[in-house]
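This briefing is meant for someone meeting the structure for the first time. Please look over the sequence and the model below before reading on.

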Amino acid sequence: MSTYEEEHNIQDRANPRADDTTARGRQHATLSNIIDTFLTTSGSDTPSNAYAMEALTSALHHLSDADGSRLAQTLMESLQDSGDIDGKRSKGVSQEYLDTLERVKVSSISEDDAFCPICTNKFKDDKYPLVVRLPCGHGVNHIYDLECVGPWLQMNSTCPLCRTNVLEAEQNRRKKIEEEIRRAKEEDSEEEEEDWDVYG
Amino acid sequence: MAERRLFQEYNRYKKSPPSKSNPQIISLNPISEDNIFNWQAIISKPTKKDNPFYYGGQWKLSIAVSRQYPLEPPVIKFITPIVHPNINLKTGEICLDILKKDAWSPAWNLEHLLVAILMLLDSPEPDSPLNIDAANLYRHDPVGFQSMVQFNMWKVGSFVDVKKSTPTTITKSNQVIRDVSGSKIRAIIA
Ligand SMILES: [Zn+2]
Ligand SMILES: [Zn+2]
């Protein structure tokens, strides 16, 4: 039986419908396992949390695609919210992410006095400079010694100058791609979707 | 990295003292050049124009910098007791988001933090209090709050030291009559 909210596709964020979830069987168990794993490992500030969050997010995406459930969506949003609030979860980037950062040639830096905002050393004074640009967007040019910004990003995935969450910038890019793929799929199976929309 | 960056900051503050660009910062320096990780600072709110509650006051701060600096924020405390919604009266602990790991940025320096603390004096946030009495008074009775602040400053003797500070609008002739809870207390400066 469906509630008013479900039939009208309205989310009730204050009430994540705990009763419904217990009746969801195997899929729910799997989901709760993932969440448990995520929560128990989220205490430490290791970059692996980024992976855990990624795994969880993609699992939730998958689930919401599979049965058209709003629950997964709600859970995902609330997890992201709480992550933002206590700021502890999924805060750092991985070494692999650092390797993908855009390199900047020091000779291409026009300003002679340009310095790394973290160590405050001039880039041009460095014998073996390794300078990277963060994907802050909006046409800004926030560059750092990799040696300086690397350890920071592994703890906290934000640009020290403008607070852009570099993981989110990456996530948004990926989300857009996923959405496009999903939209393409939906167009293929629109009729089927309608039958599966009401559940419970 | 911490040591090198701190010496660079120190050299810069020697070359262009923070007090020059911001007269509310009286001093900012390591306690001894032998230990670049322990700093102290004196900040002030010389006149009523600077701050309607804390005018005439100056406060000493301790700044303990960790070896992870600037990846980690320093620990800053008020050594001079101060009545403020977001500052613990006994320990001097400061509740300020950018002093916490989550909101700190390694692009900030010690001078930036002093500016942030001066701003906290101007706009307390009674919703996250470390001094509940001060927070309640600030919210419901600003005049009473001002009296409490000024009375405490008189009690602990934290008025601006005219001889040491760079010229401000406070002079000997500008002695302040302070109204504390109805009774007149004459605070003589200098
Ligand atoms: Zn650097
Ligand atoms: Zn940036």
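What is the geometry of the site of the zinc ion (ligand 2), judged from the angles among its four donor atoms? The site is tetrahedral, the angles among the four donor atoms running from 106 to 118°. This is a predicted model, and the points below go from the metal site to the interface between chain B and chain A, and then to individual residues and pairs.

**The zinc site**

- The four donor atoms that coordinate the zinc ion (ligand 2) are SG of A:Cys136, ND1 of A:His142, SG of A:Cys159 and SG of A:Cys162, and they lie at 2.0 to 2.3 Å.
- Read along the sequence, the donor residues of the zinc ion (ligand 2) follow the spacing C-x5-H-x16-C-x2-C.
- Ideal angles for four tetrahedral donors are 109.5 degrees.

**The interface between chain B and chain A**

- Of the area that chain B buries against chain A, 41% is supplied by B:Leu71, B:Asp102 and B:Pro106, which is more than any other three residues supply.
- One salt bridge is counted between chain B and chain A, and B:Asp102 forms a salt bridge with A:Lys91, with the closest N and O atoms 4.0 Å apart.
- Seven residue pairs are in polar contact across the interface of chain B and chain A.

**Backbone features**

- B:Tyr69 and B:Pro70 are joined by a cis peptide bond with an omega of about 5°, and B:Pro70 is found in the loop between strand E3 (57-64) and strand E4 (75-78) of chain B.
- A:Thr120, a residue other than glycine, has a positive phi near 65°; A:Thr120 sits in the loop between strand E1 (102-104) and strand E2 (131-133) of chain A, and is partly exposed at 27% relative accessible area.
- A:Arg163 likewise has a positive phi, near 70°, and lies in the loop between helix H7 (146-155) and helix H8 (166-188) of chain A, where A:Arg163 is partly exposed with a relative accessible area of 30%.

**A buried asparagine**

- B:Asn51 is placed in the loop between strand E2 (35-45) and E3 of chain B, and B:Asn51 is buried, with a relative accessible area of 0%.
- A polar atom of the B:Asn51 side chain lies 3.1 Å from the backbone oxygen of B:Leu121.
- Beyond its neighbours within four places in sequence, B:Asn51 is in contact with B:Lys45, B:Leu121 and B:Asp122.

**Salt bridges**

- Over all chains, nine salt bridges are found in the whole structure.
- In chain A, the side chains of A:Asp113 and A:Lys122 meet in a salt bridge at 3.6 Å, N to O; A:Asp113 is partly exposed at 46%, and A:Lys122 is partly exposed at 36%.
- B:Lys101 forms a salt bridge with B:Glu72, the closest N and O atoms being 3.7 Å apart.
- B:Lys101 lies in the loop between E4 and helix H3 (110-122) of chain B, and B:Glu72 in the loop between E3 and E4, so the pair ties together parts that are 29 residues apart in sequence.

Notes:
Residues are numbered from 1 along each chain as its sequence is written. Chains are lettered from A and ligands numbered from 1 in the order in which they are written. This is a predicted model: local features need pLDDT of at least 70, side-chain atom pairs count only at pLDDT 80 or more; totals for chains, interfaces and linings use all residues. Side-chain values use heavy atoms; hydrogens and water are left out. Donors are N, O and S atoms within 2.8 Å of the metal (3.2 Å for Na, K and Ca); water is not among the atoms, so sites may look incomplete. Four donors count as tetrahedral if all angles lie between 85 and 135 degrees; four count as square planar and six as octahedral if opposite donors are over 155 degrees apart and all others between 65 and 115; anything else is irregular. Helices (H or I, at least four residues) and strands (E, at least two) are DSSP runs, numbered from the N terminus. Buried means under 20% relative accessible area, exposed over 50%, partly exposed in between (1.4 Å probe, protein chains only). Buried area is the accessible area (1.4 Å probe) that two parts lose on being put together, summed over both. A polar contact is a pair of N or O atoms within 3.5 Å; within protein, one must be able to donate a hydrogen and the other to accept it, and residues adjacent in sequence count only if both atoms are side-chain atoms. Contact means heavy atoms within 4.5 Å.
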